[in-house]
Amino acid sequence: AEEPMKEPESLSSPEAVRKAAMARIGNLSKEEFWIALVNNRNKVICWDRLSEGTVDKTAVYPREVVALALRHNASGVILTHNHPGGDPSPSPEDTERTMEIAALCQDMEIRLLDHVIVTADRFHSFKDAGYL
């Protein structure tokens, strides 16, 4: 008999995203940018690392976010990356890139649910801050 499938993780709040992101990338010494792809009920389809950078920056491209979402038939995306320096406050570049991704996602009818920046013990949610 086939084993029952495990219930997919639900990312329905910034707190749930924070916990998952901190566990995945909060303690890393280099910046990494990850995306969680979710279905229309915010159940995780997959987590994917988009880039690995240096101690204080990593590159992400809006078209890669949308291409990945379309490839996996995701209805929503959640962006996450870490700040190894310990301050989760977004840089001007973080904010600018998030708004670019938000605009492209809206054009493609993909929900951008949040962008969460984490450290080992702190986080910043663009949703909680009113940007999304």
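Reader: How many salt bridges does the count come to by this rule?
Author: The count comes to five, a salt bridge being a side-chain nitrogen of Lys or Arg within 4 Å of a carboxyl oxygen of Asp or Glu. This is a predicted model, where local features need pLDDT of at least 70, side-chain atom pairs count only at pLDDT 80 or more, and totals for chains, interfaces and linings use all residues. Side-chain values use heavy atoms, without hydrogens and water, and residues are numbered from 1 along each chain as its sequence is written.

Reader: What makes arginine 18 and glutamate 15 a salt bridge?
Author: Their closest N and O atoms are 2.3 Å apart, so the pair meets the 4 Å limit. Arginine 18 and glutamate 15 are three residues apart in helix α1 (residues 14-25), which separates them by about one helical turn; a helix here is a DSSP run of H or I with at least four residues, and a strand a run of E with at least two, numbered from the N terminus.

Reader: Why is arginine 18 called buried?
Author: Its relative accessible area is 16%, and buried means under 20%, exposed over 50%, partly exposed in between (1.4 Å probe, protein chains only). Glutamate 15, at 35%, is therefore partly exposed.

Reader: Which parts does the pair of aspartate 87 and arginine 122 tie together?
Author: The side chains of aspartate 87 and arginine 122 meet in a salt bridge at 4.0 Å, N to O. Aspartate 87 lies in the loop between β3 (76-82) and α3 (92-107), and arginine 122 in the loop between β4 (111-118) and β5 (123-125), so the pair joins parts 35 residues apart in sequence.
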